[in-house]
Amino acid sequence: MEQWERFIDFATAHINRWIEDKSRSYNLHLAFEELLSNIIRAAGSAREAGSSPVILEISALERADNNTCWFVLRTSDNGVHFDPQFESRSPVDTEQPVSERAIGGLGLFLIMQSVDQVNYQWKEGHNVYELSTQLAAESSQPEQGSAG
Amino acid sequence: MALTIDVVKGDVHATLVLSGDVDTKTAPELLGHLTSLELHALEQLRLDFIEVDFVSSAGLRAIVFAKQKMPHSSRLYLIGPSSEIVETITKTGLAQAVVIVESEADI
């Protein structure tokens, strides 16, 4: 957790710079926080099991496709291979009474619910996640950045 | 952002006034305060969120924990959460477990 603030501050600065709408900005921040929490928790478990320290890199970038512009937060880590299977994942049963709720699963559910696109790839020994939010047409083009 | 929590205890109700972010790093502080309460004996738990800027799933889990420990007939009030926090609570289905009010005067 020692780098927690650094990663959060990096993402927050770029989110605030790119996304003006408060609700969309909040939701991307929420998705990133949940993702970072999952990555760091997995890295901690792996390290307790004797694995090497995990290196996490975060990038903020703009992508354009088919006349649509996206702001993308990308993470890449060399931790244990973990595919969250966003495409086939069962949704949290939001109708289930709270008294019967299990504690797990909310984080991944919030990631999926809070951004326009979420992607996962296992690429050259790295877990690569992308959280994408569609930008308004009039958005400017700030510089890219990265932290790791 | 750091989280500060002030606790006011009554016989059958308790109020926690929070200020800051309830995220992965700070939610254990909220859970610690909740654990120290006699949740099973409370008729009301009031969580003052007027000065809370952000709540992650870790914060929601603390709320679920409290509600599960409280009597079935009890009420858990969330006071003054932002529209973004209300949206998060609603889309996770937790709105059924809490009563959301704008201010303490609405209770």
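User: Where is B:Leu16, and why is B:Leu16 called buried or exposed?

Analyst: This is a predicted model. B:Leu16 lies in strand β2 of chain B, residues 13–22. B:Leu16 has 20 C-beta neighbours inside 10 Å. The cut-off for buried is 20 or more. B:Leu16 therefore counts as buried.

User: What is B:Leu16 in contact with, beyond four places in sequence?

Analyst: The partners are B:Ile5, B:Val7, B:His33, B:Leu47 and B:Asp48. Take B:His33, 17 residues from B:Leu16 along the chain. The C-alpha atoms of B:Leu16 and B:His33 are separated by 8.5 Å.

User: What makes α1(B) and α2(B) roughly parallel or antiparallel?

Analyst: The angle between their axes. Helix α1 (residues 27–36) and helix α2 (residues 57–69) of chain B cross at roughly 10°. Angles under 35 degrees count as roughly parallel. The two helices are therefore roughly parallel to each other. Their axes come within 9 Å.

User: Which residues make that contact, and how many are nonpolar, polar and charged?

Analyst: From α1(B) come B:Ala27, B:Leu30, B:Leu31 and B:Leu34. From α2(B) come B:Ala58, B:Gly59, B:Ala62, B:Phe65 and B:Ala66. By class, that gives 8 nonpolar, 1 polar and no charged residues. Gly counts as polar, and B:Gly59 is among the residues of this contact.

User: What does B:Val22 touch, not counting residues up to four places away?

Analyst: B:Val22 touches B:Leu3, B:Ala27, B:Leu30, B:Val52, B:Phe54, B:Val55, B:Ser56 and B:Gly59. B:Val22 is also one of the residues with the most contacts inside the largest nonpolar core.

User: Which other residues have the most contacts inside that core?

Analyst: A:Ala11, A:Ala31, A:Phe32, A:Leu35 and A:Leu131. The core has 60 residues. Helix α2 of chain A, residues 22–48, gives the largest share, 9 residues.

User: How many residues does each chain bring to the contact between the chains, and which element of chain A gives the most?

Analyst: Chain A brings 21 residues and chain B brings 18. On the side of chain A, α2 and α3 (106–114) each supply at least two. α2(A) gives the most, with 6 residues. The side of chain A divides into 10 nonpolar, 7 polar and 4 charged residues.

User: Where are they, and how do you know whether A:Asn67 and A:Glu124 are buried or exposed?

Analyst: A:Asn67 is in the loop between β1 (56–65) and β2 (68–77) of chain A. A:Glu124 is in the loop between β3 (117–123) and β4 (126–134) of chain A. A:Asn67 has 6, so A:Asn67 is exposed. A:Glu124 has 8, so A:Glu124 is exposed.

User: How is chain A built, and what are the model's scores?

Analyst: Chain A has 3 helices and 5 strands, in the order α-α-β-β-α-β-β-β from the N terminus. Buried residues make up 33% of its 148 residues. The model scores ipTM 0.92 and pTM 0.90. For chain B, mean pLDDT is 95, and 100% of residues reach 70 or more.

Methods. Residues are numbered from 1 along each chain as its sequence is written. Chains are lettered from A and ligands numbered from 1 in the order in which they are written. This is a predicted model: local features need pLDDT of at least 70, side-chain atom pairs count only at pLDDT 80 or more; totals for chains, interfaces and linings use all residues. Axes are lines fitted to C-alpha atoms, for helices over the stretch in contact, and angles run from 0 to 180 degrees between N-to-C directions. Helices (H or I, at least four residues) and strands (E, at least two) are DSSP runs, numbered from the N terminus. Angles under 35 degrees count as roughly parallel, over 145 as roughly antiparallel, 65 to 115 as roughly perpendicular and the rest as oblique. Two residues are in contact if their C-beta atoms, placed from the backbone, lie within 7 Å. A residue is buried if 20 or more other C-beta atoms lie within 10 Å of its own, exposed if 12 or fewer, and partly exposed in between; C-beta atoms are placed from the backbone. A nonpolar core is a set of buried Ala, Val, Leu, Ile, Met, Phe, Trp, Tyr and Cys residues joined through C-beta atoms within 7 Å. pLDDT is the predictor's confidence in each residue, from 0 to 100.
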